[in-house]
Amino acid sequence: MNKTERQLAITLELQRTKLIRAEDLAAQFETSVRTIYRDIQALSEAGVPIAGAPGHGYSLMDGYFLPPVSFTAEEAVSLLMGAKFIEQRWDTAYGIQAKSAQRKIEAILPEAVRKQSTRVQETMRVLHPMGPDTTGMVRSYLNDIRNAILEQRKISLMYLKKMPGSDGKRSNQRVVSPYGLTLVRENWVLIGRCDLRQDIRHFRLSRMSELSVLEEKFRLPPDFDLNRYQPPDDRSEHVLVQAKSEVADKMMETLHFYIDRVEEHEDGIHFHFRVRYPEEIMHHLLGLGGDIQVMEPESLRVRMREMAKNILKHY
């Protein structure tokens, strides 16, 4: 980055951040604090209204705004591909805005950059599986939950669990304080505090029904940060599967989240999984047929045997 590019980047950073220290700018642009001082002086002499507060940092005077800068072809492609992703994966409201943003970006690009970015985009394509999380219902819920998060209002929903509870039922009513949304392996997941469990829980939007936003408000815990949040790893059950080498790659792709370690043996490849409960991966294993064999635990071996017998009854 040359001096002119750095000074422009400093101006944009000051525009984005209300107050920033010279030390932080030096670390960001990988230069010395003395160089930042010289850049700030040069910008001030060029007419950029920069205010400096000793011991606090630099800021731009209120009302100053740098006009839009031009994009390189790579920057334009990054923005346009990102907009396409949002159009496909977010709710309808953001999809419309993403489409509008694409048109605006394309409109301000110089002809040469627009042609170059178009050529790059023609060699790249954003695709996602047509699963349950692409349905209109999920997109509608995504919009409602997003608004509830911003307004800090609780939501009510019926939730379908993977496995029946102690009462034998798979679905029950939940009231949740929504903290945030995250896209995990092509599935939208709500992270929030469940009134029933009195703790933070995760809810897949594709398993929700009868969702409604309540008038009741909640307060986001001051120490909760979605970007730093790490869910507890409660996968304490061990599953050992022996597999033929022909299906090893498929298992690595479909079950990578659960894999603890992989070992090569004379009788085949041994996959060690960590799961919450053994049945969690049973439907994946059944799809591999006779190319795999469950070694542990015995309870899963029995369940696999029972399922295979039930399947055989139909053929």
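**Sheet, helix packing and an aromatic pair**

Gln 242 stands opposite His 270 in β10. The structure is a predicted model, in which local features need pLDDT of at least 70, side-chain atom pairs count only at pLDDT 80 or more, and totals for chains, interfaces and linings use all residues. Residues are numbered from 1 along each chain as its sequence is written, and side-chain values use heavy atoms, with hydrogens and water left out.

Strand β8 (residues 237-243) and strand β10 (residues 268-275) run antiparallel and are joined by seven bridges. Strands and helices are DSSP runs numbered from the N terminus (strands: E, at least two residues; helices: H or I, at least four). Two strands pair if DSSP finds at least two bridges between them. Strand β10 also pairs with β9 in the antiparallel sense, over six bridges. These two strands, β9 and β10, form a hairpin with two residues between them, and His 265 stands opposite Gly 268 in β10.

Four strands make up an open sheet, in the order β9-β10-β8-β11, with antiparallel pairing. Its edge strands, β9 (259-265) and β11 (292-296), each pair on one side only. On average, neighbouring strands of this sheet are turned by 25 degrees against each other, direction ignored. Helix α10 (residues 298-312) lies across β8 and β11 and runs at about 145 degrees to β11. Angles run from 0 to 180 degrees between N-to-C directions, and axes are lines fitted to C-alpha atoms, for helices over the stretch in contact. Contact means heavy atoms within 4.5 Å.

Helix α4 (residues 73-89) packs against helix α6 (residues 111-121) at an angle of about 55 degrees, with the axes 9 Å apart. The angle makes α4 oblique to α6 (under 35 degrees counts as roughly parallel, over 145 as roughly antiparallel, 65 to 115 as roughly perpendicular and the rest as oblique). Residues of α4 that meet α6 include Val 77, Leu 80 and Met 81, and their partners in α6 include Val 113 and Val 120.

The structure holds eight aromatic pairs. Rings of Phe, Tyr and Trp (its six-membered ring) pair if their centres lie within 6.5 Å; planes under 30 degrees apart count as stacked, over 60 as edge-to-face and the rest as tilted. The rings of Tyr 159 and Phe 203 have centres 5.1 Å apart and planes at 90 degrees, so this pair is edge-to-face. Tyr 159 is in strand β3 (residues 153-160) and Phe 203 in strand β6 (residues 199-204), so the pair ties together parts 44 residues apart in sequence.
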